[in-house]
Amino acid sequence: MESQLQQDLWKVAQGPWESGVLPSAENLARARASLPTALQDTGSSLESVQRHILDDIVPAFNGGSISANYYGFVTGGTTPAALFADNVVSAYDQNVQVHLPNHSIVTDVEYNALGLLLDLFRLDRSAWHNGTFTTGATGSNILGLACGREFVLQKAAQRKGIETQSVGEYGLFEVLNALGLSGVQVLSTLPHSSLVKAAGILGIGRSNVHNICQAGDPLRFDLERLEKELARTDKVNIVAISCGEVNTGRFATSGEDLRQIRQLCDQYGAWMHADGAFGIFGRVLDDRPEFATVKKGSEGIDLVDSITGDGHKLLNVPYDCGFFFSRHPEVASQVFQNANAAYLTAGSSNGPSIPSPLNIGLENSRRFRALPVYASLLSYGKSGYQEMLERQIGLARKIYDWVFDHPSYTALPKTSSKAELLDQTFMSVLFRANDEALNRNLAQKINDSSRMFVSGTSWDGAPACRIAISNWRVDVERDFALVSEVLAKVAQA
Ligand SMILES: *Cc1c(COP(=O)(O)O)cnc(C)c1O
């Protein structure tokens, strides 16, 4: 961090974010007008490129990760340790592709970071120490469904007494044909859109992702219907647990039902995948009664076959970063092995047997995105992340409490019991305005303040707003004052 420029950047990234959560229209227009229309023959000096980026482009950024009051999507921020490590990653530009223990330490660090994450989430290293870093939860969901697809079709072959068929080797079409099956289904409750996207990419098909919800509760599985689908003889199935639903922040299971679903999956040869992009962090919390309900949402998650988690959300490392764990490491290599590249096989002379990342995930060449994770985990430890999450939950509950009592707003999902609502609150607040006209533009009205940003969404067929609290900079009292002031003003106008 020696140059003035780097010191300035460091300050921006660590200091309080003074600008609005959105860039001004003028700054956006100026940045757009500054973009070149064609590549010049002759390059510009490094200094002028730096000036252009800082003076023209940067003012048109939003405060998505940097502002503590950007509550759109689920963005997280970047902890100082992660920021430092990410700069090291760029400067040294290591390619984490093949485990070559005599050439570089990077695969060891990546493997170590995966182990540290397991400790954070109280997952047993002896069962789970494998997996990989991905570009995010979407990437991890693709890995989860790909492994599931491979596994359930191999199980189906075993059951029929047919020689094991690998989709990775022969392709989905040939394997389904050989087994006399018509397709793969994904059974879930309110899955994140990226899971549906993953099904589209993997030849499962978006229309084969089904909501198997209870009539009165869209998050919970209807176990009777689930068993009916699992028992079908023409399809094989992957059950996807929404371990943290993106609108409500609530969980699809609470321990006992997860165990029942596990039994059904074993009985019918289905794969269980948990999308815990942010929900897996529920496992960071301690045993205080105020967190008991939230903690139950990820209880028993160690029984599933694969887990998706996001790094660039609640872990607060920079984009892009996700992680993927599986209890069946051999399946990942059946799907993702980089065929016929003998020069890429690992020399494993000493240390733990670490798989080469290129044989267990999507990419061959990869960024060293494990290092910011590693750095941030060392910097905060278990209790640091627990304390961060407690602040996020604390703010969400304080806002919900206020919204619940406010005559102009309704807290969602609708309930008559505030205590129950707060008890179930993780780090998201879902609500709408009672006035229909206001509610139609509520997200925009709030965001026009440029003091905070919320996502518009829909709930029960009508518009709603979501405040997702995921930044390490959260300060409960300071941020509650700002949020309640903005919401009160919007309600008055
Ligand atoms: C954000 C999110 C995703 C997608 O994650 P990306 O990091 O954007 O790829 C998937 N599932 C859930 C539950 C999410 O919240």
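1. Helices and strands here are DSSP runs, numbered from the N terminus; a helix has at least four residues and a strand at least two. The model is predicted. The points below start with the domains, then turn to the ligand and the backbone.

2. Together the two domains bury about 2,300 Å². Carbon and sulfur atoms account for 59% of that area. On the side of domain 1, Asn-247, Arg-250 and Leu-314 lose the most area to domain 2. These three residues make up 28% of what that side buries.

3. A salt bridge joins the side chains of Arg-288 and Glu-390, at 2.5 Å from N to O.

4. Which residues come nearest to the ligand? There are 14 residues around the ligand, and Thr-138, Asp-275, Asp-310, His-312 and Lys-313 come nearest. Asp-275 places a polar side-chain atom 2.7 Å from a ligand nitrogen. Asp-310 has a side-chain N or O atom 2.7 Å from an oxygen atom of the ligand. For Lys-313, a side-chain N or O atom is 2.8 Å from a ligand oxygen.

5. Next, the peptide bonds. Most peptide bonds are trans. The bond between Tyr-319 and Asp-320 is cis, with omega about -10°. Asp-320 sits in the loop between strand 9 (306-310) and strand 10 (322-326). The bond from Leu-412 to Pro-413 is also cis, and its omega is near -15°. Pro-413 belongs to the loop between strand 11 (409-412) and helix 16 (418-424).

6. One phi angle deserves a look. Is phi of Asp-93 positive or negative? Asp-93 has a positive phi, near 45°, and is not a glycine. Most residues other than glycine have a negative phi. Asp-93 lies in the loop between helix 4 (80-92) and helix 5.

Conventions
Residues numbered from 1 in each chain as written. Predicted model: local features only at pLDDT ≥ 70, side-chain atom pairs only at ≥ 80, totals over all residues. Heavy atoms only, no water. Buried area = accessible area lost by both parts, 1.4 Å probe. Salt bridge = Lys/Arg side-chain N within 4 Å of Asp/Glu carboxyl O. Near = heavy atom within 4 Å. Polar contact = N/O pair within 3.5 Å; in protein donor to acceptor, adjacent residues only side chain to side chain.
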